[in-house]
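Biologist: I'd like to learn how to read a model like this one. Can you walk me through it, feature by feature?

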Amino acid sequence: MPSPHPPRAVFAMDPVHLPLLFPPPLLTRLRQASDLDPDLVVQDLTDPKAADALARADVLITGWGCPHLDADALTAVPGLRTVLHAAGSVRSLVGDALWKHGVAVSSAVTGNALPVAEYTLAMILLAGKDTFTHHERFRTTHTYPTSAETAHTGNVGRRVGVIGASRVGRRLLELLRPFDLTVLLHDPYVSPAEAAELGAELLSLEDLLRHSDIVSLHAPDIPETYRMLDGDRLALIRDGGFLINTSRGALVDPEALTDELVSGRLHAILDVTEPEPLPAGSLLYHLPNVFLTPHIAGSLGNELERLGRIVVEELERLAAGLPLVHEVRHSDLSRVA
């Protein structure tokens, strides 16, 4: 049943993100579905100017720049019942006290998965055409490649290994379906039958690395995945293979990866690194077989509106007494981002 009063909501994030997350039409819908002061954006839950609004609030609409929500948050927002996160992972946002208190948490992580999957798809297709090598060569020689130099170029039957059937991984698998690629998958929580439904062949991590031309990382950053691609596993990727990482730098041993890239044996497309950003003197900035981007695969610019829309729809459900669609369970955090 709907609540006897509309949800009393407060923004808790860096205000710089608010206009892109909630442009006027979405802000209007938020105000129609809740009791919300659109001019109040809190970054410090102890701010006296926000004390009255926080004391009344039962919903926090959070985003990048939100303070950590721990036991002190419950003191500042004693009536808190729901957190609607207009971004991705809530792992570092919500403390144990809120989970124990029974606060419902929803995340727009599914909306953030799409641009990452789109970025990855683009990079896979460009890697299959050996675009980055040809770009560097053409820029310096101003000559076209010979037939011999393009003999192994192309995306027909190219073997793409996807590590992790996460939200991003699953969206990527959907996007890969129309292309004439052979798709492999490693995920310890997926059965062979489910992998087949996703359009992929399930393999062990080692077999996937051995048999892939392009390896794309989409596993969560959890203790079990720390340095999952160490020196021994990187060595399994075929000579000339590509590694794409849009997940987290911690999943790859940075020294082992640097050694492979300096040797020229592998290529890498890295939107994330460890450390992040790389130090100014890093060799990776200058290697022709490395394509670096500054953590841009996730939602940026006009893509942020998609995240805001998900939060608005969740708030409208909440106001109507309907269950949240994008609720995050505490028990899931041990195996998701």
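**Reading the model, piece by piece**

Modeller: Let's start with a helix: in H13, the buried residues are Leu-304, Leu-307, Gly-308, Ile-310, Val-311, Val-312, Glu-314 and Leu-315. Keep in mind that this is a predicted model.

Biologist: What do the buried residues of H13 pack against?

Modeller: They pack against helices H1 (18-21), H2 (24-33) and H6, along with strands E3 (59-62), E4 and E5.

Biologist: How far apart are the end C-alpha atoms of H13, and what span should its 16 residues give?

Modeller: You count 1.5 Å a residue, so residues 304-319 should span 22 Å; the ends are 23 Å apart, which agrees. After H13 comes Gly-321, with a positive phi near 80 degrees.

Biologist: How many strands form the open sheet, and in what order?

Modeller: Seven, with parallel pairing, in the order E8-E7-E6-E9-E10-E11-E12. To spot the edges, look for strands with a single partner: E8 (201-202) and E12 (290-292) each have just one, so one side of each lacks a neighbour in the sheet. Within the sheet, four bridges join E10 (residues 242-245) to E11 (residues 267-270), and Ile-244 has Ile-269 as its bridge partner in E11.

Biologist: What's the general idea behind a nonpolar core?

Modeller: Nonpolar side chains tend to be buried together in soluble globular proteins. Here the largest core has 28 residues, and those touching the most other members are Ile-124, Val-162, Leu-176, Leu-185 and Ile-269. Two or more residues come from each of H6 (109-128), E6 (158-163), H8 (167-176), E7 (181-186) and E10. H6 gives the largest share, eight residues.

Biologist: What does Ile-269 touch?

Modeller: Leaving out residues up to four places away in sequence, its contacts include Tyr-119, Met-123, Phe-132, Ile-244 and Phe-291.

Biologist: How many aromatic pairs does a search of the whole structure find?

Modeller: Three. One of them is Phe-11 with Phe-22: the ring centres are 5.5 Å apart and the planes at 40 degrees, so this pair is tilted. Phe-11 sits in E1 and Phe-22 in the loop between H1 and H2, so the pair ties together parts eleven residues apart in sequence. Both Phe-11 and Phe-22 are buried.

Modeller: Phe-132 and Phe-291 make another tilted pair, at 4.6 Å centre to centre and 40 degrees between planes. This one links distant parts of the chain, 159 residues apart: Phe-132 is in H7 (residues 131-141) and Phe-291 in E12.

Biologist: Why does Phe-132 count as buried, and why does Phe-291 count as partly exposed?

Modeller: Check each against the cut-offs: buried means under 20% relative accessible area, and exposed means over 50%. Phe-132 has 14% relative accessibility, so it counts as buried. Phe-291 has 31%, so it counts as partly exposed.

Definitions and conventions:
Residues are numbered from 1 along each chain as its sequence is written. This is a predicted model: local features need pLDDT of at least 70, side-chain atom pairs count only at pLDDT 80 or more; totals for chains, interfaces and linings use all residues. Side-chain values use heavy atoms; hydrogens and water are left out. Two strands pair if DSSP finds at least two bridges between them. A nonpolar core is a set of buried Ala, Val, Leu, Ile, Met, Phe, Trp, Tyr and Cys residues joined through side-chain atoms within 4.5 Å. Buried means under 20% relative accessible area, exposed over 50%, partly exposed in between (1.4 Å probe, protein chains only). Contact means heavy atoms within 4.5 Å. The expected span of a helix is 1.5 Å times one less than its number of residues. Rings of Phe, Tyr and Trp (its six-membered ring) pair if their centres lie within 6.5 Å; planes under 30 degrees apart count as stacked, over 60 as edge-to-face and the rest as tilted.
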